[in-house]
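Subject: Structure handover

Dear colleague,

Here is the structure you are taking over. Please open it alongside these notes.

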Amino acid sequence: MSIEIEGISKSFGTFAALKNVSLKVPSGELVALLGPSGSGKTSLLRIIAGLESPDSGRILFDGEEATKRQVQERQVGFVFQHYALFRHMTVFDNIAFGLTVKPKKSRPGKAEIRDKVHNLLKLIQLENLADRYPAQLSGGQRQRVALARALAVEPQVLLLDEPFGALDAKVRLELRRWLRRLHDEIHVTSVFVTHDQEEALEVADRIVVMNEGRIEQEGTPSEVYDRPATPFVYDFLGSVNLFHGRVHEGTAQMAGLDLSSPENASAQHAPAVGYVRSHDIAIERDGNGSGAIKAEVRYLLSVGPLVRVDLVLSGSDRTIEAELPRDEADRLQLQVGEQVYARPRKMRVFVEDYQI
Amino acid sequence: MVGNGLHKKERKGATVTEPAWVRWLLISVALAFLALFLVLPLAAVFTQALEKGWEAYLAALTEPDTISAIRLTLITAAVCVPLNLFFGIVAAWAIAKFSFPGKSFLITLIDLPFSVSPVVSGLIYVLIFGLQGWLGPRLQEHDIKIIFAVPGIILATIFVTFPFIARELIPLMEAQGREEEEAALTLGASGLQTFLRVTFPNIKWGILYGVILCNARAMGEFGAVSVVSGHVRGSTNTIPLQVEILYNEYSYAAAFAVASLLALLALVTLAVKTVSEWKMQQTITAAETER
């Protein structure tokens, strides 16, 4: 089922959580709503579910108006960050709940319910734990039960609110890969909320980046990551360095470098900000040719397969951060205090007044 | 009564630093205090009641005025407890699961009967419904008696026992949040199904605890009831009022016999309270570990 959101606004008291948000989720896609806390992503998800009602705007399911529909009629599966399992029921009863509350005439028989729950238990790989209570399960297991419970009623849409937010890093990684595979199998239209960019980039077909109640950008993970539409998106997705300078007719001057910036061809001596991702900065020993900035190594830190290098630009006290693969760093044999050249491989320039 | 749950949790986490003799001293002081002020009087009630033997004890309890007092007490509790149960669940639900303007004012209002002397609450009803009161003359025209009659006793008891159930349920329901209910709704459950199958099982021990406290107070209330009852023998006397009358008439054995009923009620209340408190603590802990 496709979801269309048209001009949704929502305020809580004086706080405007959503400001005229419009969005289309095509049928069968897995979409991530990505943003910092307070960006309105959870409110949007709860409005789609019918757990909150918008102040204005419409929601359409498969082209049909659904704004006024009750939660129960929307046929959405909702997965909560803290699982929200029924604590007094066993895993089996939790998963069966949605089937057992159906009105008599559409309620499946006992045997049918049992088969269905067992199939779902197989799907979430917890067949042996049907008689356990939620308190006896680990976080990852609970979230899988919550997912099975939501899937039991065969929802038209699956909504997940920070589904992996309360889990340890390792379980989180496993579970999000599992969710991706599950989605490839069952193809139910899914929207999940996260503040973890890595999670969104890895799991989603499309990413919707939200900030302060508005959509900043939407697109495939590579579109959003490689071509951020706004400074906010640049900043939010991955670590980034800022350069201040000016841009004039497609050429930006930043930190003593002339860089081409074709998207700002019409700019006239405009103040601008350049964004360079940490892994888009190359470090060189000799500054042959142009396009490199003289800098001093201030600090070195190995983080797993990467080495983070803090550099201080010569002639100023501005620091920038570069990330090198481990073997590259080993080859360079960098020392703290050493003079090197930093070459931005890719820079995105935004004219300053574009900033929000 | 209300903050007991918290108490227990703190104790669990605390490390013992006092030397053994201090601990033993504190424990024995507490026990001695309990023995002196609780166990001794309780024992005295029963020994006094049985002083003249079982037959006199039973005779005192089966005396017509006493039986009428017992009946009135049971009727009062049977009306007050369900009403306050309903009110308590509704209020706790509203406070714990929704946010609305005036919420903290409502919480304060619920606490009001705790902070007002029962005698004053009785007087308020006399002021409203009494012959000289605001509604008195009109009520008399229609021949409706509230003060010095059963309705007055029930009203005063409802007022006094008003907070017990709501006060038990509010913290419990707040600790549990509303996600489980929301989950039930998204799964297609109706409001009633959600309450019966999700909310109620989570709060049933809290409800039992509140009901038992409410009941104990409804049966044992003296001050407010004394003001509105009029002390008509065999008609508007509840058990506590009957005890007072017997005592004032120097029929000590009979007074203690009737009082022993209330003491027994207290013991039963204590037992049920302990069990339900323990069960409730378990559900709260479960709610917290799930977070």
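Predicted model: local features only at pLDDT ≥ 70, side-chain atom pairs only at ≥ 80, totals over all residues.

Residues are numbered from 1 along each chain as its sequence is written, chains are lettered from A and ligands numbered from 1 in the order written, and side-chain values use heavy atoms, without hydrogens and water.

Sheet in chain A

Chain A has an open sheet of four strands in the order 2-1-4-5, with antiparallel pairing (strands are DSSP runs of E, at least two residues, numbered from the N terminus; two strands pair if DSSP finds at least two bridges between them). Strand 2 (15-25) and strand 5 (64-65) of chain A are at the edges with a single partner strand each, so one side of each has no neighbour in the sheet. Strand 1 (residues 3-12) and strand 4 (residues 56-61) of chain A run antiparallel and are joined by five bridges; I5(A) has I59(A) in strand 4 as its bridge partner.

Interface of chains A and B

In contact (heavy atoms within 4.5 Å) are 24 residues of chain B and 24 residues of chain A. The rule finds two salt bridges across this interface of chain B and chain A (a side-chain nitrogen of Lys or Arg within 4 Å of a carboxyl oxygen of Asp or Glu). E182(B) forms a salt bridge with R46(A), with the closest N and O atoms 2.6 Å apart. Helix 10 (179-186) of chain B (helices are DSSP runs of H or I, at least four residues) supplies the largest share of the side of chain B that touches chain A, seven residues.

Regards
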